[in-house]
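Hi everyone, thanks for making time this morning. I'd like to walk you through one chain, so let me put it up on the screen.

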Amino acid sequence: VRVGPDVRGLVPWHELSACPDVLNDVAARYPKGSSVRCVVLRREGDRLDLSVLRAAGEAAPAAPKAGEVAVARVNRRPLKTVNAPALFLELPGGGAGRCCVTE
């Protein structure tokens, strides 16, 4: 997200929407060049972490509880700790974990 002439920020996927339909088709919901209202969550040097959800007045995403179904993002970076057949998932609320694809 371009915040100003020389200022850019990043909206993590779990701060974009709580709706799986929006997260599955982000490009259609937020076309390049479209305007979006964000709240600054954190600043580290030149990097801003932003939230669309919180700008809309929604609460921060909570980490899921055991047994709950949650929307997650597959992390495609190769990790030595994830052995096949498994995926490494990023969860709302900052959580992450390994998911066996055979279960």
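**A serine in a loop, and a sheet**

Let's start with Ser17, which sits in the loop connecting β2 (7–10) to α1 (20–24). Keep in mind, please, that this is a predicted model.

So, is Ser17 buried or exposed? With a relative accessible area of 12%, Ser17 is buried, because the cut-off for that label is under 20%. And which residues does Ser17 touch, leaving aside those up to four places away in sequence? Those are Val22, Leu23 and Leu53.

Let me zoom out for a moment. The chain has three helices and seven strands, and from the N terminus the order of elements reads β-β-α-α-β-β-α-β-β-β. Of its 103 residues, 22% count as buried. The accessible surface is about 7,700 Å², and 52% of that belongs to carbon and sulfur atoms. If you take contacts between residues at least 6 apart in sequence, 38% of them link residues at least 24 apart.

Now to the sheet. Four strands form an open sheet in the order β1-β2-β4-β3, and the pairing is mixed. β1 (2–4) and β3 (39–44) are the edge strands: each has a single partner strand, so one side of each has no neighbour in the sheet. On average, neighbouring strands here are turned by 35 degrees against each other, ignoring direction.

Five bridges connect β3 with β4 (residues 47–51), and the two run antiparallel.

Note on methods. Residues numbered from 1 in each chain as written. Predicted model: local features only at pLDDT ≥ 70, side-chain atom pairs only at ≥ 80, totals over all residues. Heavy atoms only, no water. Buried < 20%, exposed > 50% of the residue type's maximum accessible area, 1.4 Å probe, protein only. Contact = heavy atoms within 4.5 Å. Pairing = 2+ DSSP bridges. Axes fitted to C-alpha atoms, helices over the stretch in contact; angles between N-to-C directions. Areas by Shrake-Rupley, 256 points an atom, 1.4 Å probe, with all protein chains shown as cover.
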